[in-house]
Amino acid sequence: MSLDKVKIVGVGQTEYSKNSKRSVLSLALEACLDSINDSGIPINEIDGVVCYGLGDSVTPMAVATGLGLDHVRFTSDLWGGGNASCNSILTAAMAIQSGLANNIICFRAMNGRSGYRLGGTGRDDNSIAAGDGQFTSPFGLLSFAQYHAMFAQRHMIEYGTTSKQLGAIAVACRKHALLNERALMKRPMSIQDYLESPMIAEPLRLFDICLETDGACAVLLTNDERARDTKKKPISIMSGANGGGPQPGLDYTGFLRWADYTTCYAKYIADDLWGRAGIRPADVDVAMIYDCFTISVIMQLEGLGFCEVGEGGHFVEGGRIEIGGALPINTHGGLLSEGYIHGLNHTVEAVRQLRGECGERQVKDAEIALTTGFGTTTGSALLLTNQ
Amino acid sequence: MDKYFKPLPISTQETREFWEGCKNHELKVQKCLKCEVTRFPPLPMCPKCNSTDTKWIPVSGKGKVYSWIIVHHPIIDSFREDVPMVIALVDLEGGGRIVTNLIECDPVNIKVNMEVIVEFVDVTEEHTLPKFKPISNLL
């Protein structure tokens with residue numbers, strides 16, 4: 001695999017909020033325009049649009065219409081939440097590498113709190129009992145927090161993982177969010193605050209669960225020739241991988257078919273991800289790990305080989321994942337404390353870290369960044385570099 | 001019966017026999033007639049051998065707890081009266097894994113691999129849900 005002709009040259013986002021009072025289209029357009037302006041590429045050169053969503057977004061053609069693009073040569077509308085986040089970048093990159101288009105914008109836009117809330121939260125109609133939902137929702141199994149609590153419980157059973165270890169992830173993300181003016185969560189959180197937060201789906205507490213957010217993010221990719229004349233330092237894609245393991249499920253309620261509730265997609269893409277880049281986990285300087293829930297981070301750290309299976313709980317303790325530690329993660333505050341733009345905000349932050357634009361939260365001399373997108377049974381990841 | 005406000009399963013041609021079985025207080029899973037592997041939840045094709053030759057077979061209704069959660073926040077209002085409630089994944093004797101509620105059981109006493117048995121609950125005249133309770137309750 002090679003994506004050597006592709007560069008990331010623009011990132012953008014809207015304000016994050018719980019109630020944007022705006023249309024999803026207007027959020028998408030603002031984030032896209034922000035990333036285009038960030039790159040310096042004139043808008044009339046944009047010839048591709050890629051996005052992902054769960055029936056809660058707008059289409060690539062809607063964005064082409066709203067931005068006034070004259071000639072679109074590539075579009076892709078991927079189904080998914082976090083699982084598709086890095087895959088959307090990978091899809092655009094493949095299209096550029098193969099010459100299908102030159103300047104492709106990827107976006108994720110949604111009113112994730114004031115509009116369509118994921119997983120049926122707040123929806124009392126019976127539509128949540130269709131598909132694989134017929135085997136879950138009649139029993140009250142309705143939200144992703146509940147599904148992941150099943151994983152957390154099993155991880156605790158098999159490996160002795162503790163609440164305090166999960167809390168170390170929530171605390172690290174909050175600490176980082178306080179250094180990021182865009183982050184929604186503004187108040188400090190101690191491990192004691194975490195442990196005192198109410199149980200939602202035991203063993204998961206309130207602070208194990210990410211935010212629900214209105215907002216949008218966008219990332220602009222171009223070819224290496226065009227990238228020589230852009231505003232900011234171009235970022236290269238060392239590697240990307242997207243996939244999952246056996247019985248990934250019929251729909252997003254479908255991980256009742258997954259056999260092992262201590263693992264996720266990560267172990268199935270790890271060899272491709274590292275092999276294609278020719279590097280090892282120890283080479284990563286900063287990692288944006290999809291943190292829809294604290295337990296998700298542990299399963300990905302294990303699956304991607306940052307530590308042994310079962311050791312994820314120990315790994316996140318002692319400040320290792322905080323800025324200044326051996327593997328700083330989610331320096332923007334993550335989905336837990338910055339905002340929940342289904343992981344495209346992770347890639348935006350990874351690019352900013354590699355450009356050295358992160359001010360107080362900058363990881364010194366960061367050259368290689370990992371960013372991941374998590375759908376439990378399926379997911380995607382990218383390795384980016386400024387070299 | 002009182003009006004029932006919680007989600008009720010929307011069955012399809014591929015799942016109807018399971019829910020019909022529940023209504024008759026019989027727990028059924030699919031069995032592939034070619035490779036004889038059982039599966040639940042159902043699929044139109046055997047994921048082991050790709051045969052579409054399938055029948056529904058009754059299973060014992062016994063199983064073991066694989067994982068569980070204690071729901072404190074009900075997500076939707078209709079479950080508010082039930083919290084805290086236990087949702088569990090139960091590995092069925094005979095094959096397959098089912099999402100269910102553990103009933104007649106103090107949450108603090110739940111253990112991994114705890115043996116449980118189905119208890120059919122007729123929630124409406126048309127719908128029956130397979131819930132599970134500890135086998136030790138029967139001893």
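**Entry 1: A:Thr376**

I began with the loop between strand 10 (368-375) and strand 11 (378-385) of chain A, where A:Thr376 is found. This is a predicted model, and I keep that in mind throughout. I looked up the backbone there: phi of A:Thr376 is near 65°, a positive value in a residue that is not glycine. Most residues other than glycine have a negative phi, so I made a note of it. Is A:Thr376 buried or exposed? Its relative accessibility is 1%, so A:Thr376 counts as buried.

**Entry 2: B:Glu104**

I then turned to chain B for another positive phi. B:Glu104 has phi near 55°, and this residue is not glycine either. I found B:Glu104 in the loop between strand 6 (97-101) and strand 7 (115-122) of chain B. With 48% relative accessibility, B:Glu104 counts as partly exposed, whereas A:Thr376 is buried.

**Entry 3: cis peptide bonds**

In chain A, the bond from A:Glu202 to A:Pro203 is cis, with omega near 20°. A:Pro203 sits in the loop between strand 5 (199-202) and strand 6 (204-205) of chain A. In chain B, B:Phe40 and B:Pro41 are joined by a cis peptide bond with omega about 0°. Where does B:Pro41 lie? I placed B:Pro41 in the loop between strand 2 (38-39) and strand 3 (54-58) of chain B.

**Entry 4: salt bridges**

Side chains of opposite charge can pair when their charged atoms come close. How many salt bridges does the structure hold over all chains? I have 25 down for the total.

I picked out A:Glu322, which forms a salt bridge with A:Lys175; the closest N and O atoms are 2.8 Å apart. A:Glu322 is in the loop between helix 9 (312-315) and helix 10 (334-337) of chain A and A:Lys175 is in helix 5 (residues 163-177), so this pair ties together parts that are 147 residues apart in sequence. A:Glu322 is buried at 16% relative accessible area, while A:Lys175 is partly exposed at 43%.

My next pair was A:Glu338 and A:Arg182, a salt bridge whose closest N and O atoms are 3.7 Å apart. It links distant parts of the chain, 156 residues apart: A:Glu338 is in the loop between helix 10 and helix 11 (344-355) of chain A, and A:Arg182 is in the loop between helix 5 and helix 6 (191-196). A:Glu338 is buried, with a relative accessible area of 1%. A:Arg182 counts as partly exposed at 22%.

I also jotted down a network in chain A: salt bridges with shared partners join A:Asp38, A:Lys232, A:Arg355 and A:Glu357.

From chain B I took B:Arg80 and B:Asp77, a salt bridge with its closest N and O atoms 2.9 Å apart. B:Arg80 is partly exposed, at 48% relative accessible area.

**Entry 5: chain B as a whole**

I counted off the elements of chain B: one helix and eight strands. The radius of gyration of chain B is 16 Å, close to the 14 Å that the globule rule gives for 139 residues, so the chain is as compact as a globular protein of that length. Of those 139 residues, 51% count as buried. I also looked up contacts between residues at least 6 apart in sequence, and 52% of them join residues at least 24 apart.

For the surface, I noted that chain B exposes about 7,000 Å², with carbon and sulfur atoms supplying 47% of it. Chain B carries 17 positive and 19 negative side chains, and the centres of the two sets lie 6 Å apart.

Notes
Residues are numbered from 1 along each chain as its sequence is written. Chains are lettered from A and ligands numbered from 1 in the order in which they are written. This is a predicted model: local features need pLDDT of at least 70, side-chain atom pairs count only at pLDDT 80 or more; totals for chains, interfaces and linings use all residues. Side-chain values use heavy atoms; hydrogens and water are left out. Helices (H or I, at least four residues) and strands (E, at least two) are DSSP runs, numbered from the N terminus. The radius of gyration is taken over C-alpha atoms; the globule rule is 2.2 Å times the number of residues to the power 0.38. Buried means under 20% relative accessible area, exposed over 50%, partly exposed in between (1.4 Å probe, protein chains only). Contact means heavy atoms within 4.5 Å. Accessible areas come from the Shrake-Rupley method with a 1.4 Å probe; for residues, only the protein chains shown count as cover. Lys and Arg count as positive and Asp and Glu as negative; His and the chain ends are not counted. The place of a charge is taken as NZ of Lys, CZ of Arg, CG of Asp or CD of Glu. A salt bridge is a side-chain nitrogen of Lys or Arg within 4 Å of a carboxyl oxygen of Asp or Glu.
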